[in-house]
Amino acid sequence: MAERTLRGTRMVSFSMETTANVVPSERQIVVYVCEHEHRTELPFSIEADVPPTWECRCGEEARLLDGPAPEEKPVKPQRTHWDMLLERRSIPELEELLEERLELLREKRGEKTRRRSA
């Protein structure tokens with residue numbers, strides 16, 4: 001068993017620093033509540049910026065109890081393929097391109113029917 005252990009692993013597994021003379025910062029308990037009434041209590045440092053929302057254990061977004069409403073970011077409308085196409089081409093240009101493509105398709109269909117009958 002001793003042959004399989006890596007040498008020096010003990011040096012990595014613990015810190016050489018001590019917690020003597022370390023004063024922890026003051027804490028405050030912050031409560032978040034989600035739509036399903038799950039309460040989440042978290043300790044934060046008094047100096048820390050407390051976020052207005054927190055992810056609940058159920059996966060929903062929990063809001064700070066008795067806190068200000070979170071700022072809602074403006075939502076950009078989703079751009080569709082048609083919107084992006086209209087940014088590059090005008091309606092008359094699109095109609096002209098459509099006619100050109102339809103003519104090409106009609107020509108190909110005509111050639112294929114002639115070859116089948118021959």
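**The sheet and salt bridges of a predicted model**

Four strands make up an open sheet with antiparallel pairing, and their order is 2-1-4-3. The model is a predicted one.

Me: Which strands are the edge strands of the sheet?
Reply: The open sheet places its four strands in the order 2-1-4-3. An edge strand here pairs on one side only. The edge strands are strand 2 and strand 3 (53–55).

Me: How many bridges join strand 1 and strand 2?
Reply: Strands of a sheet pair through backbone hydrogen bonds, either parallel or antiparallel. Strand 1 (residues 27–33) and strand 2 pair in the antiparallel sense. Within this pairing, Val31 has Glu41 of strand 2 as its bridge partner. The number of bridges between strand 1 and strand 2 is seven.

Me: Which residue takes a positive phi in the hairpin of strand 1 and strand 2?
Reply: The hairpin has five residues between the strands. A positive phi near 65° occurs in this hairpin, and the residue that takes it is Glu37.

Me: Is Thr40 buried or exposed?
Reply: Thr40 lies in strand 2, which covers residues 39–45. Its relative accessible area is 16%. Because buried means under 20%, Thr40 counts as buried.

Me: With which residues is Thr40 in contact, leaving aside its neighbours within four places in sequence?
Reply: Thr40 belongs to strand 2. With its neighbours within four places in sequence left aside, the residues in contact with Thr40 are Val30, Val31, Tyr32, Trp54 and Cys56.

Me: Which residue meets Arg39 in a salt bridge?
Reply: A search of the whole structure finds two salt bridges. Arg39, at 47% relative accessibility, is partly exposed. In its salt bridge, the N to O distance is 3.6 Å. The side chain that meets Arg39 is that of Glu41.

Me: Why does Glu87, which forms a salt bridge with Arg79, count as exposed?
Reply: In the salt bridge of Glu87 and Arg79, the closest N and O atoms are 3.6 Å apart. Arg79 is partly exposed, with a relative accessible area of 48%. Exposed means over 50%, so Glu87 counts as exposed because its relative accessibility is 55%.

Note on methods: Residues are numbered from 1 along each chain as its sequence is written. This is a predicted model: local features need pLDDT of at least 70, side-chain atom pairs count only at pLDDT 80 or more; totals for chains, interfaces and linings use all residues. Side-chain values use heavy atoms; hydrogens and water are left out. Helices (H or I, at least four residues) and strands (E, at least two) are DSSP runs, numbered from the N terminus. Buried means under 20% relative accessible area, exposed over 50%, partly exposed in between (1.4 Å probe, protein chains only). Contact means heavy atoms within 4.5 Å. A salt bridge is a side-chain nitrogen of Lys or Arg within 4 Å of a carboxyl oxygen of Asp or Glu. Two strands pair if DSSP finds at least two bridges between them.
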